[in-house]
Amino acid sequence: MSPSTPFAYVGEDSVIGEGSTLYPGAVVGDRCTLGREVVIRPNAVLYDDVMLGDRVEIHSGTVIGGDGFGYRMVDGRHVKVPQTGRVEIASDVEVGSNCTIDRATFEATRIGEGTKIDNLVMIGHNNQIGKHNLLCGQVGIAGSCKTGDYVVMAGQAGIKDKTEIGDQVIVGAQAGVHRNIPSGSQVLGSPAIPLREQRRLFQVIARLPEMHKQLRELAAQVALLMGRKDEP
């Protein structure tokens, strides 16, 4: 860490690797481990027990290691389930501004090597994100999901909890993924379905005004024919 960096905080028993830089306002909690040449931008926050590999970059406003969203109902009240795990981020990962990566309930939320995360992405507790994923802006991944390697999620895609996504899957923009997706698939829509099927649906939807007009014309013709049939 640069000795001249003002107003950066490093907690007890944390280790900062050689060549790493903490900008003003950066916070590193207790028992964190940062690898070599890590960059923590201004006002980024690492809670306790966060582990970063080499050459990880965390941009401003991001919070890593916050509590997962876990509650249970007790006597009509939502009572928090303790989140005692950690976050592990492998080498060469970049996390954009204003993202959140929650700690695991018991073990570790993990981000695989080389994964790139855009701004405003939310990754819930217990997630296991594979290597070299691309997570675009405003993607939301609920808890206990797993992705393979080289997965791409376009902007505003949402992933249901406990969902598994295979290698080299492409999830289209604003897709809502509610079930497991096998490797090599491309999905789109909400609920997300294979891309070819969704394109056919889009074509049908585009024709709906024309089809509605034709239906009204046919209904008028049927009414006219029925009227003639009822004549004495």
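His125 touches Gly68, Phe69, Gly70, Gln83, Asp102, Arg103, Ala104, Thr105, Thr109, Gly143 and Ser144, leaving aside residues up to four places away in sequence, where contact means heavy atoms within 4.5 Å. The model is predicted, so local features need pLDDT of at least 70 and side-chain atom pairs count only at pLDDT 80 or more, while totals for chains, interfaces and linings use all residues. Residues are numbered from 1 along each chain as its sequence is written, and side-chain values use heavy atoms, with hydrogens and water left out.

- His125 is placed in the loop between strand 18 (122-123) and strand 19 (128-129), strands being DSSP runs (E, at least two residues) numbered from the N terminus.
- With a relative accessible area of 14%, His125 is buried (buried means under 20% relative accessible area, exposed over 50%, and partly exposed in between, with a 1.4 Å probe and protein chains only).
- The side chain of His125 makes a polar contact with the side chain of Thr105 at 3.4 Å (a pair of N or O atoms within 3.5 Å; within protein, one must be able to donate a hydrogen and the other to accept it, and residues adjacent in sequence count only if both atoms are side-chain atoms).

- Ten strands form an open sheet of mixed pairing in the order 3-6-9-14-17-20-23-26-28-29, two strands being paired if DSSP finds at least two bridges between them.
- The edge strands, each pairing on one side only, are strand 3 (21-22) and strand 29 (193-194).
- Strand 20 (residues 134-135) and strand 23 (residues 152-153) pair in the parallel sense over two bridges, and Leu135 has Met153 in strand 23 as its bridge partner.

**Nonpolar core**

- In the largest nonpolar core, which has 41 residues, Ile40, Leu52 and Met153 touch the most other members (such a core is a set of buried Ala, Val, Leu, Ile, Met, Phe, Trp, Tyr and Cys residues joined through side-chain atoms within 4.5 Å).
- The elements giving two or more residues to this core are strand 8 (50-52) and strand 13 (86-89).

**Salt bridges**

- The whole structure holds nine salt bridges (a side-chain nitrogen of Lys or Arg within 4 Å of a carboxyl oxygen of Asp or Glu).
- One of them joins the side chains of Arg31 and Asp49 at 2.8 Å, N to O; Arg31, at 42% relative accessibility, is partly exposed, as is Asp49 at 23%.
- Arg110 forms a salt bridge with Glu88, with the closest N and O atoms 3.1 Å apart; because Arg110 lies in strand 16 (residues 108-111) and Glu88 in strand 13, the pair ties together parts that are 22 residues apart in sequence.

Key: Helix = DSSP H or I, 4+ residues; strand = E, 2+ residues; numbered from the N terminus.
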